[in-house]
Amino acid sequence: MTQIYNDIAIIGIGLIGASAAISAKHNKLGGQIHCYDGSAQVREEAKSLRIGDVIHDDIASAVASADLVILAVPVGAMQAVMADIAPHLKSGCVITDTGSTKTSVIRDVKPSVPENCTFIAGHPLAGTEFSGPAAGFASLFDGRYWLLVPDDAPRAKTDQLSDFLAGMGALVEEMEAEYHDKIVAITSHLPHLIAYTIVGTAVDLESDLKEDVIRFSASGFRDFTRIAASDPTMWRDVFLNNDKAVLEMLQRFNEDLSYLQRAIRWHEGDKLFDLFTRTRSIRKSIIEAGQDN
Ligand code: NAP
């Protein structure tokens, strides 16, 4: 693989940041890979796992020589991190992020981006329920979409970033921030909200039933518990920063749920059967698109 950037800086060495560092190094996409995390414990862990080339104890030195800076912190921390790094950035560098919401990140980050640098918002549609540096792995982005919101970024800078992401195996697509937020509200954020709700409801059941819920969880519930084990800080920030799109999708979801509730009450089996047949074909399309695991 060809080297796309000289130095790369990654801020936030969790699942996504560590995976980007491991993958960029593995695919030889950068010269030196500099990493920084706000947590001293995470930095120590990243050092012992040999993630990237240099783990910095201060954010300024991590970004000083970087041609590409990747912000991989929770979306609620993007604004503060961007303000911290702004005075230390190299002229001409590109800053991107991995945040799960795009309108809020652009709103929070862009005002602090120096005039001689370019911000291109991004979001890898890849992840697991695990967090922290030890959760990172090289093939996380392989065959996964990585959505970019270039806005007014120069074409050459966007193309270079796309080449870098493709070098990690990602399928790059460009779109508008609001459109992105609506898509992920239904494909990712609402499913997480439903999983948190179902598992929360089970936890609230009295203890004897709860024990059996865990014991007999091998059916659909187990899949919800996996999703509901996702990082609480990340997901709190996602819901607070994509509130508009999530509330819109939740409104539609509630209406559809009431329709099913009514069909069950009135034993309208044909309505249930019709919906379950339509949803089955969606699963088939996802498998055909290679996005099923
Ligand atoms: P993670 O595993 O929790 O890692 C985030 C890291 O950032 C943590 O080590 C955290 O340290 C550190 N951090 C927090 N605030 C910071 C600050 N102000 N300065 C420096 N470091 C800071 O999270 P992740 O799953 O990698 O997610 C990172 C970003 O990618 C998020 O914006 C998320 O929305 C997005 N994303 C996640 C997934 C997923 O499935 N996980 C998928 C796509 C995109 P502490 O733990 O000490 O706070």
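**View 1. The salt bridge between Asp-67 and Lys-90.** Lys-90 is partly exposed, at 32% relative accessibility; buried denotes under 20% relative accessible area, exposed over 50%, and partly exposed the range in between (1.4 Å probe, protein chains only). The model is predicted: local features require pLDDT of at least 70 and side-chain atom pairs count only at pLDDT 80 or more, whereas totals for chains, interfaces and linings use all residues. Residues are numbered from 1 along each chain as its sequence is written, and side-chain values use heavy atoms, with hydrogens and water left out. Asp-67, the partner of Lys-90, is buried, with a relative accessible area of 17%. The structure holds 15 salt bridges, each defined as a side-chain nitrogen of Lys or Arg within 4 Å of a carboxyl oxygen of Asp or Glu. In this view the side chains of Asp-67 and Lys-90 meet at 2.8 Å, N to O. The pair links distant parts of the chain, 23 residues apart: Asp-67 lies in the loop between α3 (59-63) and β4 (68-71), and Lys-90 in the loop between α4 and β5 (94-97). Helices (H or I, at least four residues) and strands (E, at least two) are DSSP runs numbered from the N terminus.

**View 2. The salt bridge between Lys-110 and Asp-151.** The N to O distance between these side chains is 3.7 Å. Here too the pair links distant parts of the chain, with Lys-110 in the loop between α5 and β6 and Asp-151 in the loop between β7 (145-149) and α6 (155-167), 41 residues apart. Lys-110 is partly exposed, at 29% relative accessibility.

**View 3. The salt bridge between Arg-155 and Asp-159.** The two side chains meet at 3.1 Å, N to O. Both residues belong to helix α6, and because they are four residues apart there, about one helical turn separates them. Arg-155 is partly exposed, with a relative accessible area of 45%, and Asp-159 is partly exposed at 36%.

**View 4. A network of salt bridges.** The residues linked in this network are Arg-43, Glu-44, Lys-47 and Asp-57. In general, side chains of opposite charge can pair when their charged atoms come close.

View 5. Backbone N or O atoms lie 3.0 Å from a ligand oxygen in the case of Leu-15 and 2.8 Å in the case of Ile-16. A polar backbone atom of Val-73 is 2.6 Å from an oxygen atom of the ligand. Of the 900 Å² of accessible area that the ligand has on its own, the protein covers 79%.

**View 6. Asp-108 in helix α5.** The helix spans residues 103-109. Asp-108 is buried, with a relative accessible area of 11%. Apart from its neighbours within four places in sequence, Asp-108 is in contact (heavy atoms within 4.5 Å) with Gln-79 and Asn-241.

**View 7. Glu-178 in helix α7.** The helix comprises residues 177-204. Glu-178 is exposed, at 52% relative accessibility. Its C-alpha atom is separated by 9.7 Å from that of Asn-242, 64 residues away along the chain.

Technical notes: A polar contact is a pair of N or O atoms within 3.5 Å; within protein, one must be able to donate a hydrogen and the other to accept it, and residues adjacent in sequence count only if both atoms are side-chain atoms. Accessible areas come from the Shrake-Rupley method with a 1.4 Å probe; for residues, only the protein chains shown count as cover.
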